[in-house]
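I opened the notebook to record what I looked up in this entry. The sequence and the coordinates come first.

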Amino acid sequence: MSKMHLKLTVNGEAHELLAEPRELLIHVIRERLNLTGPHIGCETSHCGACTVDMNGRSVKSCTVFAAQANGAEITTIEGIGAPGALHPLQEAFREHHGLQCGFCTPGMITRAYRFLQENPSPSEAEVRMGMAGNLCRCTGYQNIVKAILSAAAEMNTVKEAAE
Amino acid sequence: MIPAAFEYHRPTDLAAALATLGEFGDEARVVAGGHSLIPMMKLRMAEIGHVVDLQDIADLKGIRIDGTAVWIGAMTTQHELIGHQGLAAAAPILRETALQIADPQVRYVGTIGGNVANGDPGNDMPALMQCLDATFTLAGPNGSREVAARDFYEGAYVTLREDDEILTGIRFEATGGGQAYEKQKRKIGDYATAAAAAILKKDGTSCSAASIAMTNLSDMPVWSKAAGDALVGTACAAADIDAAVAAALGDISPNADNRGPVEFKRHVAGIIIRRAIEQAWARA
Ligand SMILES: Cc1cc2nc3c(=O)[nH]c(=O)nc-3n(C[C@H](O)[C@H](O)[C@H](O)COP(=O)(O)OP(=O)(O)OC[C@H]3O[C@@H](n4cnc5c(N)ncnc54)[C@H](O)[C@@H]3O)c2cc1C
Ligand code: FES
Ligand code: FES
């Protein structure tokens, strides 16, 4: 079958490539753009390890065809923070032991990043609802929730100081 | 977990989408949010030569409320349903149901049209649509027709929609009443072991109208007229609710699967139907 011409903006950078429509977005991101932050956990739409931000929504990129993403703006964990310039969420996950093996962490943080934009001052219950699409086999979630609440408080303080 | 190859189409209006379906016949399938279809294609349980993506068709999007008349475009996502204030006021049960579907990531992309057109008995919206007595609009090569949600389902993955038809929208009358959607699932994000929708109207102390429907308790959604009839004219006392639950259980035929044997499902169904009725009555 014919390949199609794909245009994607990933972490602010424009990319053009040829891909088969059936290719999954996670494979395009990891194998063609070499952004290996988003992980493949279950590959069956359940675990959220492959979460990326697409047009302002958290999506499981193992369940999106490359073709559907044509024209999209995508942010991966690589676009959220960088070594030496960590995002407050990344700082908070480190501070509060929000990770152990780290496999789920890129998806967790990418999801939490969008969640806090929609709800900057969530309750603990709202964090748990908002993060329900991301599974972690190590931490028992307690410290992930703590980290997100702490990052929210930190981000709100920074925002207030700027105003 | 890579699906078989296909040609991809992204029409920008309904006429073009219908033309593509017409051209490729049963080799073509529309994709909405893709969160039921893509997993099936990855498992190669669905082989599709032509995928017609509906995402750029503006006419399939949006929510319109005019008095009690509600129209929801097929491509409206669960996330958009949850966030819509007018809808939360007109028919709060839609928000309550949508919040119990899958998880945030799935709700950002999964559409109401895909949920009702899919025909999977595990989908939550079909029973709700039957409870609300909603009507589906189907556009095909010879124009549009309307089908009542209560008539639309014929079996697992079998509906009255023809292969060359696209579901464009859903409409219903939002006439109030106490509303509740109760769902039992093994874990967050799971399909229902049993779920029930109830809408009850109260006139003084008695129930003047009742509509009860159920999810994943047969190979299609079940609207139980008998359960509603058991409540109308009563004060929804314990014995009346017992009778309604018994009537509803008489209308289902659950299958044994990895959510449990038939006896267990009937047991859970009884509890969930009762909770939905009690909750709806408390809100009436
Ligand atoms: C992890 C996970 C958990 C889930 N849990 C639940 C749950 O608890 N409850 C629940 O109800 N659902 C659940 N779902 C399914 C999810 O809600 C789907 O998104 C939904 O069933 C289908 O909507 P869609 O827009 O993704 O449709 P698609 O997957 O794009 O389409 C589904 C089917 O409907 C057809 N179709 C779609 N739109 C139209 C249209 N406008 N006209 C004609 N045919 C159309 C397609 O051709 C396809 O056959 C879950 C999914 C996942 C991945
Ligand atoms: S890898 Fe996509 S949800 Fe698990
Ligand atoms: S830290 Fe290991 S899976 Fe979450």
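Predicted model: local features only at pLDDT ≥ 70, side-chain atom pairs only at ≥ 80, totals over all residues.

**Entry 1**

**Entry 2**

I looked up the strand order in chain A. Five strands make an open sheet, ordered β2-β1-β5-β3-β4 (chain A), and the pairing is mixed. I find β2 (13–19) and β4 (57–60) of chain A at the edges, each pairing on one side only. From one strand to the next the twist averages 40°.

I then took one pair from this sheet. Strand β1 (residues 4–10) of chain A runs antiparallel to β2(A), and seven bridges join the two. Within this pair, Lys7(A) has Glu16(A) of β2(A) as its bridge partner.

**Entry 3: helices on that sheet**

I asked which strands helix α1 of chain A touches. Helix α1 (residues 25–32) of chain A packs on the sheet and touches β1, β2, β3 (51–54) and β5 (73–75) of chain A. Its direction makes about 110° with that of β2(A).

Helix α3 (residues 105–118) of chain A lies across β3, β4 and β5 of chain A. I noted its angle to β3(A) as about 35°.

**Entry 4: the parallel sheet of chain B**

In chain B I looked up an open sheet of three strands, in the order β1-β3-β2 (chain B), with parallel pairing. The edge strands are β1 and β2 (28–31) of chain B, and each pairs on one side only. The twist here averages 25° from one strand to the next.

Three bridges hold the parallel pair of β1(B) and β3(B). I found Glu7(B) standing opposite His50(B) in β3(B).

**Entry 5: a hairpin in chain B**

I went on to β4 (residues 63–66) and β5 (residues 69–73) of chain B, which are antiparallel and joined by four bridges. Ile63(B) has Ile72(B) in β5(B) as its bridge partner. Two residues lie between the strands of this hairpin, and Gly67(B) takes a positive phi near 65° there.

**Entry 6: salt bridges**

I asked how many salt bridges a search of the whole structure finds over all chains. The count is 17. I looked up several of them.

In chain A, Arg32(A) forms a salt bridge with Glu23(A), with 2.9 Å between the closest N and O atoms. Arg32(A) is partly exposed at a relative accessible area of 34%, whereas Glu23(A) is buried at 17%.

In chain B, the side chains of Arg10(B) and Asp56(B) meet in a salt bridge of 3.6 Å, N to O. This pair links distant parts of the chain, 46 residues apart: Arg10(B) is in the loop between β1 (7–9) and α1 (14–24) of chain B, and Asp56(B) is in the loop between β3 and β4 of chain B. Arg10(B) counts as partly exposed at 24% relative accessibility, and Asp56(B) is partly exposed at 33%.

A further salt bridge in chain B is that of Arg283(B) and Glu96(B), at 3.1 Å, N to O. Arg283(B) lies in helix α12 (residues 262–283) and Glu96(B) in helix α5 (residues 92–98) of chain B, so the pair ties together parts that are 187 residues apart in sequence. Arg283(B) is partly exposed at 41% relative accessibility, and Glu96(B) is partly exposed at 22%.

I also noted a network of salt bridges that links Arg186(B), Asp190(B) and Arg259(B).

**Entry 7: a nonpolar patch**

I looked for nonpolar side chains on the surface. Met1(B), Leu43(B) and Met45(B) form a patch there, with about 310 Å² of accessible area together. Met45(B) sits in the loop between α2 (37–42) and β3 (50–53) of chain B. I recorded Met45(B) as exposed because its relative accessible area is 58%, and exposed means over 50%.

**Entry 8: Ala197(B)**

Is Ala197(B) buried or exposed? It counts as buried, with 0% relative accessibility. Ala197(B) is found in strand β12 (residues 194–203) of chain B.

Leaving out residues up to four places away in sequence, I list the contacts of Ala197(B) as Ile93(B), Leu128(B), Cys131(B), Ala180(B), Tyr181(B), Ser211(B), Ile212(B) and Ala213(B). I also looked up Ala284(B), which is 87 residues from Ala197(B) in sequence and 14 Å from it in space, C-alpha to C-alpha.

Notes
Residues numbered from 1 in each chain as written. Chains lettered and ligands numbered in written order. Heavy atoms only, no water. Pairing = 2+ DSSP bridges. Axes fitted to C-alpha atoms, helices over the stretch in contact; angles between N-to-C directions. Contact = heavy atoms within 4.5 Å. Patch = residues over 30% accessible without salt bridge, like charges linked within 9 Å, V, L, I, M, F, W, Y side chains within 5 Å. Areas by Shrake-Rupley, 256 points an atom, 1.4 Å probe, with all protein chains shown as cover. Salt bridge = Lys/Arg side-chain N within 4 Å of Asp/Glu carboxyl O. Buried < 20%, exposed > 50% of the residue type's maximum accessible area, 1.4 Å probe, protein only.
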